[in-house]
Amino acid sequence: MSDSDLIKLYSKQILALAAAIPHLGMLDAPDAEAKARSPLCGSMVSVGLTLKDDIVTGFAQNVKACALGQASAAVLGKVVIGLDAQTLARGREELHAMLAKNGPVPSAPFEGYETLLPAREFKNRHASILLPLDATLAAIEKARSS
């Protein structure tokens with residue numbers, strides 16, 4: 001990876017997102033909690049959430065990840081409240097397709113992931129970017145099964 005590649009990857013927009021992650025912390029009484037970890041880089045995201053009628057009504061996250069994982073958590077944190085599991089699963093699929101298959105930017109409300117387009121070229125970073133959605137979907141599954 002050249003210096004210019006790193007500069008492109010860690011753009012001012014990505015770093016600004018990473019510095020302003022919404023919903024950091026823990027919920028007092030979550031319906032479920034889940035963690036997702038990238039074995040390649042060790043990044044980890046923990047999520048706690050509350051649901052009502054399969055819609056996220058409360059959300060908190062703890063993010064121990066690279067700037068790309070943090071930026072992804074920021075994008076998700078801005079839109080997650082009020083979304084249902086199906087919409088979140090669609091967003092995860094579309095983000096994966098954008099990164100791994102040169103697909104389009106995810107549709108609304110996930111269009112903020114456009115900022116992470118430069119990460120397409122860095123396959124070893126894709127798992128970290130997907131962690132916030134993976135942890136959120138895992139927490140929803142736990143809430144549904146309890």
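Which helix holds His126? His126 lies in helix H5. Helices (H or I, at least four residues) and strands (E, at least two) are DSSP runs, numbered from the N terminus. The model is predicted: local features need pLDDT of at least 70, side-chain atom pairs count only at pLDDT 80 or more, and totals for chains, interfaces and linings use all residues. Residues are numbered from 1 along each chain as its sequence is written, and side-chain values use heavy atoms, with hydrogens and water left out.

His126 is buried, at a relative accessible area of 9%. Buried means under 20% relative accessible area, exposed means over 50%, and partly exposed lies in between (1.4 Å probe, protein chains only). The side chain of His126 reaches the backbone oxygen of Arg120 at 3.2 Å. This is a polar contact, defined as a pair of N or O atoms within 3.5 Å; within protein, one must be able to donate a hydrogen and the other to accept it, and residues adjacent in sequence count only if both atoms are side-chain atoms. Leaving aside residues up to four places away in sequence, His126 touches Leu99, Ala100, Ala119 and Arg120. Contact means heavy atoms within 4.5 Å.

Helix H5 covers residues 126-145. H5 has 20 residues and reaches 28 Å from its first C-alpha to its last, close to the 28 Å expected at 1.5 Å a residue. The expected span is 1.5 Å times one less than the number of residues.

Pro132 is buried, with 0% relative accessibility. Beyond residues up to four places away in sequence, Pro132 touches Val45, Val47, Gly69, Ser72, Ala73 and Leu76. Pro132 and Lys101 are 31 residues apart in sequence, and their C-alpha atoms are 20 Å apart in space.

The sheet comes next. Its 3 strands form an open sheet in the order E1-E2-E3, with antiparallel pairing. Two strands pair if DSSP finds at least two bridges between them. Strand E1 (32-37) and strand E3 (55-64) are the edge strands, each pairing on one side only. The twist averages 20 degrees from one strand to the next. Axes are lines fitted to C-alpha atoms, for helices over the stretch in contact, and angles run from 0 to 180 degrees between N-to-C directions. Strand E2 (residues 44-52) pairs with E3 in the antiparallel sense over 9 bridges. Leu51 has Val56 in E3 as its bridge partner. H5 packs on the sheet and touches E1, E2 and E3; the direction of H5 makes about 145 degrees with that of E1.

Asp53 is exposed, with a relative accessible area of 68%. Asp54 is found in the loop between E2 and E3. Its phi is near 70 degrees, again positive in a residue other than glycine. Asp54 counts as partly exposed, at 28% relative accessibility.

A cis peptide bond runs from Ala108 to Pro109, with omega near 10 degrees. Pro109 is placed in the loop between helix H4 (85-100) and H5.
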